[in-house]
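Colleague: I am new to this structure. Please take a close look at a single part of it, and then lead me from there to its surroundings.

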Amino acid sequence: MFNLILFGPPGSGKGTQSEKLIAKYHLKHLSTGDLLRSEIAAKTALGLEAKQFMDKGSLVPDHVVIGMINDALDKNTDVAGFLFDGFPRTAVQAEELDKLLNEKNTCIDIMLALEVSEDELIKRLIKRGETSGRSDDTNEQIIIARIAEYHKKTASVADHYQKEKKVMMIKGEGSVEEIFNALCEKIDFIRKQNNC
Ligand code: B4P
């Protein structure tokens, strides 16, 4: 199995690059943002709870997202590996993910962290808000709150994986293709090294 975390602030291109990476490496894509948005669209109790947090630019409580990831791991036993997109976003989520993968005799191989300046993040999310219909992209104050939440609770998640020397930084500005090629180069290197 090969398990990868695509990491970075809101709007850094995690969703964009994930689509291309899963096509190339045949990994199962687990995006907590997408899972939460499907729950909201289906008007489930979980979705209604999550919406209140997402609309403010806050993170959804840990137990909600960890439960979703646990279900998704149990449902996908026969896969080449997982691409985690937007998860883990807190230290608690990172610890729980390690435990869940450990129970399945696997672990995270690499965290690839996209680096993008704050001005560029805000520009991208405002632009996406013009067409995405996502309520968390349409208001600049909410976008700024999401970036602040990232610095407060999420950025330090990289330290958790850095202790095991599993973090590689990638410049997240440039064309989608340039960034994709840089990500593939790192993935190919690690897969060769880890023999997977
Ligand atoms: P997510 O759905 O994870 O989304 P995101 O952080 O907004 O964006 P991403 O980085 O995927 O950006 P994208 O590629 O689309 O989170 C949404 C919310 O869900 C969170 O705020 C939180 O409330 C909740 N949530 C999710 N996971 C959670 C968790 N684990 N715990 C708690 N809460 C959680 O790119 C953005 C835009 O940039 C796109 O329009 C794209 O076209 C553009 N773009 C991409 N690459 C570009 C490039 N190279 N150049 C120019 N533009 C580019």
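Modeller: Let us begin with K43, which is placed in the loop between α2 and α3 (45-54). Helices (H or I, at least four residues) and strands (E, at least two) are DSSP runs, numbered from the N terminus. The model is a predicted one, in which local features need pLDDT of at least 70 and side-chain atom pairs count only at pLDDT 80 or more, while totals for chains, interfaces and linings use all residues. Residues are numbered from 1 along each chain as its sequence is written, and side-chain values use heavy atoms, without hydrogens and water.

K43 is not a glycine, yet its phi is positive, near 55°. Because its relative accessibility is 64%, K43 counts as exposed (over 50%; buried is under 20%, and partly exposed is in between, with a 1.4 Å probe and protein chains only). K165 has a positive phi as well, of about 55°, although K165 is not a glycine either. K165 lies in the loop between α8 (157-162) and β5 (167-171), and with a relative accessible area of 71% K165 is exposed. Another loop, between β3 (82-85) and α5 (91-103), holds P88; the peptide bond from F87 to P88 is cis, with omega near -5°.

α2 (32-41) gives the most to the shell around the ligand, with four residues. Along with α2, the helices α1 (14-25), α6 (118-132) and α9 (176-194) each supply at least two residues of that shell. In total, 29 residues surround the ligand, and T32, R37, S58, R128 and R146 are the closest; a residue is near a molecule if one of its heavy atoms lies within 4 Å of it. The shell divides into ten nonpolar, eleven polar and eight charged residues, where Ala, Val, Leu, Ile, Met, Phe, Trp, Tyr, Cys and Pro are nonpolar, Asp, Glu, Lys and Arg charged, and the others, Gly among them, polar.

In R128, a side-chain N or O atom is 2.4 Å from a ligand oxygen; for K14 the corresponding distance is 2.9 Å, and for a polar side-chain atom of R134 it is 3.2 Å. The protein covers 87% of the 1000 Å² of accessible area that the ligand has on its own (Shrake-Rupley method, 1.4 Å probe).

Finally, G129 lies in helix α6, and at 12% relative accessibility G129 counts as buried. The C-alpha atoms of G129 and E164, 35 residues apart along the chain, are separated by 37 Å.

Methods: Polar contact = N/O pair within 3.5 Å; in protein donor to acceptor, adjacent residues only side chain to side chain.
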